[in-house]
Amino acid sequence: MTKAALTLYLAAPRGFCAGVDRAIKIVELALQKWGAPVYVRHEIVHNKFVVDRLREMGAVFVEELDEVPQDRPVIFSAHGVPKAVPAEAERREMVYVDATCPLVSKVHLEAERHNENGLQMVMIGHRGHPETIGTMGQLPEGEVLLVETVEDVAGLEVRDPERLAYITQTTLSVDDTAAIVTALQARFPAIAVPHKEDICYATTNRQGAVKAIADRIDALLVIGAPNSSNSRRLVEVGHAAGCGYAQLVQRATDIDWRALEGVTRVGVAAGASAPEVLVDEVLEAFRARYDTTVELVETVKERVEFKVPRVLREPVPGAA
């Protein structure tokens, strides 16, 4: 039987960003240095495939610090943690490694700097997301006000409209965030803005890549986890850019083939915590069903790298 012809437009950049790559290396190097088990507070990154692989290597994922034995190392996830978490680890004299993405840490430092200058913070982010919890937890209660939508801005009750600054979660929709920033600046003209955009380069680049393929495709598949903020934003960006059908899939087995019946042009993108092996798996699934042509659409090359913490580059004291 002759296979139907189909063109896959493969968005680039896609997949692992520098912060995710660094966080995964931190867990791998910690296992090499201290042996299993190494504990990780929350998912190191939001991807089940990655987490399951690290679990098989000896990582133990927990929700809170009190689940970690005092004599074993613990790693904090790439999303960042409230200040109280490393403080508690130090109180218990635990060995810990902070895998917080440096670009998230930049936002933490920015919030602290504004706080030291007497400014109250407005954070644009998603309630309950680990990154939002971690960033808001850098400052005392009440010093960071959360907004998720333009409508939230109207209801903000601030201490002093002349003494405000805003920060954002790093994995938001660039376009949606711009609308919220516009609303903030309209209501609070004196609000201080970040020196540099808080939304990270990888989030911005992946959204740009989806926009670049949106007018060429009948459907969009985004490879990523349902709890991955940046992956879910890619689906939203695809819809907003005119894709009639956009689906988030964790891997090839999640593809709804009936929804793709009759399409001839499909876009494939991947969130910043999705490994390339899952992209390859999706491409192979299409090749099994269609006479597939793959066209790469690359909007920018990424060359960002982050070093792992020094503690993981040093030998264990007393080791041969």
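E148 is partly exposed, with a relative accessible area of 31%. Here buried means under 20% relative accessible area, exposed over 50%, and partly exposed in between, for a 1.4 Å probe and protein chains only. The model is predicted: local features need pLDDT of at least 70, side-chain atom pairs count only at pLDDT 80 or more, and totals for chains, interfaces and linings use all residues. Residues are numbered from 1 along each chain as its sequence is written, and side-chain values use heavy atoms, with hydrogens and water left out.

E148 sits in the loop between β7 (144-147) and α6 (150-154). Helices (H or I, at least four residues) and strands (E, at least two) are DSSP runs, numbered from the N terminus. Contact means heavy atoms within 4.5 Å. With neighbours within four places in sequence set aside, E148 is in contact with G125, H126, R127 and I180. A288 lies 140 residues from E148 along the chain, and the C-alpha atoms of the two are separated by 42 Å.

I199 is placed in the loop between α7 (174-187) and α8 (201-214). Not counting residues up to four places away in sequence, I199 touches T168, Q169, T170, L172, S173, V174, T177 and T204.

An open sheet is formed by 4 strands in the order β3-β2-β4-β5, and the pairing is parallel. Two strands pair if DSSP finds at least two bridges between them. The edges are held by β3 (59-62) and β5 (96-98); each has a single partner strand, so one side of each is left without a neighbour in the sheet. On average, neighbouring strands of this sheet are turned by 25 degrees against each other, direction ignored. Axes are lines fitted to C-alpha atoms, for helices over the stretch in contact, and angles run from 0 to 180 degrees between N-to-C directions. Strand β4 (residues 74-76) pairs with β5 in the parallel sense over 3 bridges. Within this pairing, I75 stands opposite V97 in β5. Helix α1 (residues 18-34) packs on the sheet and touches β2 (38-41), β3, β4 and β5. The direction of α1 makes about 160 degrees with that of β5.

Helix α1 also packs against helix α2 (residues 48-57), at an angle of about 5 degrees and with the axes 10 Å apart. The two helices are therefore roughly parallel to each other. Angles under 35 degrees count as roughly parallel, over 145 as roughly antiparallel, 65 to 115 as roughly perpendicular and the rest as oblique. From α1, the contact is made by I24, V27, E28 and L31; from α2, by V50, R53, L54 and M57. By class, this contact of α1 with α2 has 6 nonpolar, no polar and 2 charged residues. Ala, Val, Leu, Ile, Met, Phe, Trp, Tyr, Cys and Pro count as nonpolar, Asp, Glu, Lys and Arg as charged, and the others, Gly among them, as polar.

Strand β11 (residues 265-270) has 5 of its 6 residues buried, so β11 is largely enclosed by the rest of the structure. Strand β1 (residues 5-12) pairs with β11 in the parallel sense over 4 bridges. Y9 stands opposite G267 in β11. Strand β9 (residues 219-223) runs parallel to β11, and 5 bridges join them. The bridge partners in β11 are V268 for L221 and A270 for I223. Strand β9 is mostly covered, with 5 of its 5 residues buried. In a regular strand the side chains alternate between the two faces of the sheet. A219, L221 and I223 point one way from β9, L220 and V222 the other way, and all are buried. Strand β9 also runs parallel to strand β10 (residues 246-249), joined by 4 bridges. In β10, Q247 stands opposite L221.

The structure holds 0 disulfides. A disulfide is counted as a pair of cysteine sulfur atoms within 2.5 Å. For C17, the closest cysteine sulfur is in C200, at 5.8 Å, too far for a bond. For C101, the closest is in C17, at 6.0 Å, again too far for a bond. C17 is buried at a relative accessible area of 12%, and C101 counts as buried at 11%.
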